Each structure stands twice: as C-alpha cells, then as structure tokens.
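Biologist: Please take a close look at one part of this structure, the packing of its helices, and explain the terms as you go. Other local features may follow after that.

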Amino acid sequence: MVKFSREYEASIIPEWKGAFVDYKCLKKLIKKIKLGRRDADDSNGDCSLEEAALAAGVESVGYGGGFSVLDPVHALASRFAPRVHVSSEDEESGDSGELVPPTDKHEREFLEKADEELEKVNSFYATKEAELLGRGEAIIDQLRILADVKRILADHAATRRARRTLSAVAPSSPALSGSGLATPQSMSDGSVELQQAQMTEGAAVADEVMAALERNGVSFVGLPGKKDSKAGRLQLPATVRIDIPASNPGRAALKVWEELVNVLRKDGADPAAAFVHRKKVQHAEKNIRDAFMALYRGLELLKKFSSLNVKAFTKILKKFVKVSGQQQATDLFSQKVKGSSFSTSDKVLQLSDEVESLFLKHFAGNDKMVAMKYLNPKQPKSTHMITFLVGLFTGTFVSLFIIYTIMAHASGIFASVGDTAYHEVVYHVFSIFALISLHCFLYGCNLFMWKSTRINQNFIFDFVPNTALTHRDAFLMSAFIMCTVVTVLVINLFLINAGVPYTNAVPGALIVLSAGLLFCPFNVFYRSTRYCFMRIMRKIVFSPFYKVVMADFFMADQLTSQIPLLRHTEFVACYFMAGSFRAYPYETCTKNQQYKHLAYVISFLPYYWRAMQCLRRYLEEHDVNQLANAGKYVSAMVAAAVRLQYKATPTPFWVWMVLITSTGTTVYQLYWDFVKDWGFFTPKSKNLWLRDDLILKNKFTYYVSMMLNLVLRLSWTKSVMKISITKNETRLLDFSRASLEIIRRGHWNFYRLENEHLNNVGKFRAVKTVPLPFCELETD
C-alpha cells in the first residue's frame, strides 16, 4: 500500500504547490514529538525502577525482611503503566470542555504550525474562489450577449431573405403603364421605399441589440446604434465593441480595415465604433467557448485543492493524536478545519455544475460525451503495444544497419574509388532522417524527464492532453524513422549490386512518401501532432504576422539547431526535383551560383524567423528584453554570414573576422542561455551560480550541464581549423557536429521548461486566461 505522503506529493497541483498544506513539515514535527516522548519515557522509566526497588525493599523489611520474587514484575509493570499528570488547574476546571494547551513544546509547535498552514490554505482558497466566481459571472454575461446578438442577426437575416423573396415575386404596382412595364419614376419610388424600409429595419435591429446588451449590464453613453446598409452589418454604439485579438494575418487585416472604415466614415459617429458581423461573432463564440473550458479546468483544480487539503489535515491529525494523546486539542482543531471555507463552501460546485450545463447546451448540442471531451480532456492510457513496437523497430534497425554495413564493405562502394554520386545521395538522405530521428528521441527524453519532475509541458505549450505526445510515442516515431530509412538504403544498395538502372530514385521515393505522410489527411500516424506541427511551422514562416506563443518560439529555437538538416534538404530537393539524377552529374547542384546563394538564405532563415518573433512580442508586450533577444539572433546571422564567406575565400582577414564575430555571438548566446532562458546566476542565490528553486535534487547536474552547453557552443571552431582529412571523414565530422548541436538543444530544452514552470509556480498560474470578446470602450 502506497503511503499517503507519497500519494499526496504525486497528486498536488505543481503550480499551486506552495499553497498546499506542508504535510512533510508537519510530519517532521510529529516525529519530534515522538522522539521527545521516547526520551522522556526512558528517563522516567529509570527513575520508576529505582523507586519500585526501594519501595519493595522497605515493604519486605516491614514484613520480616528479604525481597519478594514478584518485585521485578511490579517494577516492570510500573514502568509501562500510563502516567496521568493532573495539574491544579485541571482539578479546578473539571469537565468544563475548554482546551488545555499542551505542556510539551513540540506539541505546541505542531499546533501553531498547523494553524499557520490552515490559514494559508484558507486564504489561498478564498482568493481563488473569488477570482473564479468573478470570472464565471463575466463569462456567463458574455454568453448571454452572444446568444442575443446571434438571435438578432439570425432574425435580421431571415427578414432580409423574406423581403428579397417578396420583392422578386411581387405583382406590378398600380402605377404601371398600359404596356405592363414599370416606368422609371415608379422604379425610382420603389427603390427609395426599399431603402427607407431597410433603414427602418436596421434602426429597429440596432435598438434591439442595444436593449439586449443593456439587459446584460452594458450601459451606453453617446449615440444610438445604426445600421450600415451598404456594408450589410449591424453597427453597435460607441461604448461597446467585439474585441478579437489580431493573432493571425486575417484578423489583423480585418482590424486594420475596420479602423480605416471607422476613420473614413461620414456620419460623424465616434471613430471607436465597432461593427458586428458574422465573422467576428464566430470568433467571439470560439473565445467564449475557450474561456468556458479554462474556467471549468480552474474549478476542477480548486475542487481537487480542497479535497486534498482536507484529507491531508485529517491524516496528520490522526497521527498527532496517536503520538501525543491530545484528543481534546485534536477534536477542536478538526472542527476548525471542517468549518473552514475550503471545506464547507459549495460555491465552486454550483458554478461547476452551471458551467457544465451551459456548455452542454450552447457548445455541445446537449451531448454529454462531446461536452466532457472539451471540458475535461484526458490523456489516453498508454498500452504495452507501443513499448513492444519501439523494441521491434529498434531491433530491426540495428539488424538492418549491420546488414547494410556488411553489404557496403563487401561491394567496396565507400572506398576511395567508389561511386561519388552515390556517396552524396546516401549522405544527404541518411543525414536528413537521422537528424530528425535524433531530435524525436531527445524530445522523448525531454517528455520523460518533464513527466518525472512533474513539469506540466501541456499547459506551458497549450497542448490538448488527450492528443499530446507521450515519451513512448516520441520513441516510437524515432525508431520507426530509422528503421524505414535503413530499410530503403539496404534495398537501394541491393539494386545497385544487381545492376538495376536509376536506383537513386529509391531514396527519392522515400522523400516523396515521407512528405505525403506528413500531409496525409487520414487519422493515422499521429494526425493531430502532424497538423499541430504544420500550424506552428506556418506561423513561424510567416513571422511576424502571427501572434507568438510559447510553442511557436520554442519550435523556432529548435530550427536554429537544425540548419544542417535544412542544407541537406536543399541538396536533396535540387538533386531529385530538378531531374539531375537523370541528365546531370551531382556537381550540378553544388557548383551552381544560385545554389550557393540559396545556402546563404537557408543559413539565415531560422535566425531571421526567431528575430521577427522577438520583434512581434516587443510590439505586443513592450518588453525591452525582447529587443535584446532579437539582437542575439541578428548577431548569429552575422556570424553565420562571415563563416560562409570565409569558407568561400579563406584569407587571414576572414579568419580574424570569424574569430571576432563568432566569439562575440557565443558569449551573447551563453549569457542568454544561462541567465535568461535557464534563470541561473541569480544574485544572492542560496545555490552558488544557480537559482533558489531547483527541481533536480543533485546540484552537480546543473554545473555539468552548464559546462556541456559551453563546450558544445564552441563547435564552430572547427570551421577555422586546418585539418587534413578525406571527403568521407569530412562528412562524418559534419554529421557529428550537427548531432552534437541537436543533443545540446535537447539538453537546453529541459532547463528552459524548468525555468518556465518555476515562473508559473511562483505566480500560481495553473489555468490560462482567455480574453473575452465583448468589451466596453472608455468614454469621456
């Protein structure tokens, strides 16, 4: 049976850990009480034995001298007999029922600490309860506004469709000419009447929207709402707007367009007036749905917080009364716990039920399963099949790699006189998939370590728990990729030895199939993860037009470590897509001037994307650190450009330029890694050169990680070293450098998320805050 202390530590909410009752500290105080009583019993026991021996001696003398054979039994019984200390105050008070403070200092210390913990838990619960109740009230008001606006717009659309139908089938008016054709005058009168009817209808709908909003607590100051008949939209008064964050280019363009329309309007209304149309209503509905989901998660976490603390106090009080025997003090403290707000308040339960019923009605079509899928998503249980497949693919990969090595050695294809074109194709294709597989493997290691240390990466990255990858899934992807690529290489080498023409098309087919699997619309091979990856890549490529969140710049940082992979992809695309494997030698791609220019661009792109993300965050958050972070990536772009130029023209001048720019960039990057990303070198920290809060118990691990990061950051020094090696050895060295950089990045990932997690813990952030769409404008 698992001890409660372990179960408690494994169940607490990591971000709220500081607000939970300190069960371990209270347990240590009980241990002190136990040891103190044991010492007291030992000293009292020795005194009792001496007194019993003296009394037995006196009694035996009084009865004729000598010792009785039962004297040792009496002495032993007197040692283990319960001793009741009754003071004069106890005798006077009798059975008054009032609590008598414990005389033992450890018992008093325990009760004082328990009272402090109770006050801490109660205060935190009251704060969070008030916050969630206020948030719930605001979201429910937003839902009412949304329901009214949707109903009004639907009625308005139905009325417009009915008018169009009637105008299309209406009979001719009496003012028709004898020929049965309408005169221009009659047509003009009809259009005027139609416009007047539309304006009247628009004004009526605007008044209805205003009334609906006023019913939901929105007060209006200024002009009444009007209908923009030309735009076909309903305009709200100047004191309310639908605020949709410009998180993507479409929303940004919509916001800019509305600002232009508002500024250029001629009716004299406030330029801050907003429009209500169906697209914005859809965005508002999605925001309110996400807000309901976040609110429900917060309520569930608060219910868990309440139940765990009640259980912890109950368990620790049982231990206290068992050790100290202070039944009366324990009962009174237990009543105090039961009367606390976190134990008795049912407001959270009521709000949770209300949120569930509203979500079920408005967002799930009264389907309970669909509602719970959104409100309470759970990660599916891992099966042994995934572990079995990881082992199967890993074993297959090792076996096939040994077979490929034997076949290559027997055929002499990697000898100095071997097929150069084959070397190029195999090197680039194998490097692409090997680097991807290594990155997946290290990400799996990150997931395993984050899970072991209770770092909530799904909350940090805003991933859905029921579709997020686990470490076993990442290991399976890594093993499957390597097994597949080695299988293709074995087949390709076998066809070459058999004399089959166009064998290089086999690796090309692997590239095409891999791209097809990435974009496959069917629910196979982790479709949700593949689509999430493509969405993040789209946001990275189109930086800074998309709002930047944690997952976006985290993935962009991964790309800065995968520049060699992008270069390999450039060669493979040129070699296969340009048809060079049929008509041209492999040097066609490597010696082309446009190819070299593209190599410059590819080397800069990841740093450029990351710098643009920093600029976007600076514009939104006005944080100067984001500008400094962008400067780090600009310096990396400069250093990369200088190294490429040195590779083209290896003169002493460019050697010094490489040393100066690369050294400055490395110092910049190391400072940012240690101080900003990892949070180390905190002034006056209790852990030398580190920070106060550490998740890993062994501090030596952090120092080793810092040294490893420093050494791997200096891998660029190989570019200025004159080493006489063969072409194949150069490829092996380049591949090793690329692999070491990915290992450094995987190592960096853990400490980056550890620091982010500790920031969330420090601010008690366990639920994201979704911006609400309907906002009042400030008016003078």
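Modeller: The account begins with helix α24 (residues 624–648) and helix α25 (residues 652–677), which pack at an angle of about 150°, their axes lying 9 Å apart. This angle makes α24 roughly antiparallel to α25. The model is a predicted one, in which local features need pLDDT of at least 70 and side-chain atom pairs count only at pLDDT 80 or more, while totals for chains, interfaces and linings use all residues. Residues are numbered from 1 along each chain as its sequence is written, and side-chain values use heavy atoms, with hydrogens and water left out.

Some terms are needed here. Helices (H or I, at least four residues) and strands (E, at least two) are DSSP runs numbered from the N terminus. Axes are lines fitted to C-alpha atoms, for helices over the stretch in contact, and angles run from 0 to 180 degrees between N-to-C directions. Angles under 35 degrees count as roughly parallel, over 145 as roughly antiparallel, 65 to 115 as roughly perpendicular, and the rest as oblique.

α24 passes α25 in a left-handed crossing (the near helix is turned anticlockwise from the far one by less than a right angle; clockwise would be right-handed). The residues of this contact between α24 and α25 comprise twelve nonpolar, nine polar and four charged (Ala, Val, Leu, Ile, Met, Phe, Trp, Tyr, Cys and Pro count as nonpolar, Asp, Glu, Lys and Arg as charged, and the others, Gly among them, as polar).

α25 also packs with helix α27 (residues 727–762), at an angle of about 30° and with 10 Å between the axes. That angle makes α25 roughly parallel to α27. On the α25 side, Asp-673, Lys-676 and Asp-677 meet Arg-744, Trp-748, Tyr-751, Arg-752 and Asn-755 of α27 (contact means heavy atoms within 4.5 Å). By class, the residues of the contact of α25 with α27 are two nonpolar, one polar and five charged.

α27 has a further partner in helix α26 (residues 699–713): the two pack at an angle of about 140°, with their axes 10 Å apart. α26 and α27 are therefore oblique to each other, and α26 passes α27 in a left-handed crossing. From α26, the contact draws on Thr-701, Tyr-702, Ser-705, Leu-708, Asn-709, Leu-712 and Arg-713; from α27, on Leu-740, Glu-741, Arg-744, His-747, Tyr-751 and Glu-754. These residues of α26 and α27 divide into five nonpolar, four polar and four charged.

Gly-499, which follows α16, has a positive phi near 80°. Phe-525 has a positive phi of about 50° although it is not a glycine; Phe-525 is found in the loop between α17 (505–518) and α18. In the loop between α18 (527–541) and α19 (550–560) is Pro-544, joined to Ser-543 by a cis peptide bond with omega about 5°.

Another loop residue, Ser-345, lies between α10 (341–344) and α11 (347–362). Ser-345 touches Tyr-125 and Glu-129, not counting residues up to four places away in sequence. Ser-345 and Tyr-125 are 220 residues apart in sequence but 9.9 Å apart in space, C-alpha to C-alpha.

Finally, confidence: the mean pLDDT of the protein is 80, and 75% of its residues reach 70 or more (pLDDT is the predictor's confidence in each residue, from 0 to 100). Over residues 58–67 the pLDDT is below 50, and this stretch has six contacts in the model beyond near neighbours in sequence.
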